[in-house]
Amino acid sequence: MNVLSTPVGAATVSSIGGSTFTVRNMVHTGGIVIVNGTVLLWDTPQFGIDAANAFTDFKGAAEPVGSVFDGWTPDAFRLFELVHPTPEILVVGTGATMHLMPPHLRKYINGLGLQIEIMSTRHAASTYNLLIQEGRKVAAALLPVVPTSSRTGFPLVSVQSGPRPQ
């Protein structure tokens, strides 16, 4: 018996692109939540920017700063009030780098009975896959490496190479 085989019906992340995730051979653009074998699009603001306020160039616009969680409320995690069975662990991927979750969000999620693991998205996807293979009741909330709207599929910021415009 292979102790690290994927359970039947489990949804694991097979690849991550800059703004995409591949789960069960389907490519999803933008943030996703995986819970109880179901993949949901997760259109949350990133760095305080949502699809309505996205910018595509740096002319006159400030680069996003601060935390990926800027502007978030518990509404981003309310779906876990409805999920049955409730996962034991929520693995949160915060994009290219790890960002600390604000205390008010941690308190809300812990109040739902979920343990939280926060890490960069690539590490979060690997951790989620490993926990699934171990047979744990786990969910993943994954933000793309490049901030991207799940609703529109468009990046929320411009990614440019070379020197930054003045």
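## Strand pairing

Strand 2, made up of residues 20–23, pairs with strand 3 in the antiparallel sense over 4 bridges, where pairing requires that DSSP finds at least two bridges between two strands, and where strands (E, at least two residues) and helices (H or I, at least four) are DSSP runs numbered from the N terminus. Phe21 stands opposite His28 in strand 3.

These strands belong to an open sheet of 3 strands with the order 1-2-3 and antiparallel pairing. Its edge strands, strand 1 (13–16) and strand 3 (26–29), each pair on one side only. On average, neighbouring strands of this sheet are turned by 25 degrees against each other, direction ignored, with axes being lines fitted to C-alpha atoms, for helices over the stretch in contact, and angles running from 0 to 180 degrees between N-to-C directions.

The model is predicted, so that local features need pLDDT of at least 70 and side-chain atom pairs count only at pLDDT 80 or more, whereas totals for chains, interfaces and linings use all residues. Residues are numbered from 1 along each chain as its sequence is written, and side-chain values use heavy atoms, with hydrogens and water left out.

## Helices

Helix 2 (residues 121–133) lies across strand 1 and strand 2, running at about 170 degrees to strand 1; contact means heavy atoms within 4.5 Å.

In helix 1 (residues 103–111), Leu105, Tyr108 and Ile109 are buried, that is, under 20% relative accessible area, with exposed meaning over 50% and partly exposed in between (1.4 Å probe, protein chains only). Seen down the axis of helix 1, the buried residues fall within an arc of 95 degrees, so they line one face of the helix; the arc is that of the directions from the helix axis to the C-beta atoms. The cover over these buried residues includes strand 6 (89–94) and strand 7 (115–119), while the face turned away from the buried side carries the exposed residues Pro103, Lys107 and Gly111.
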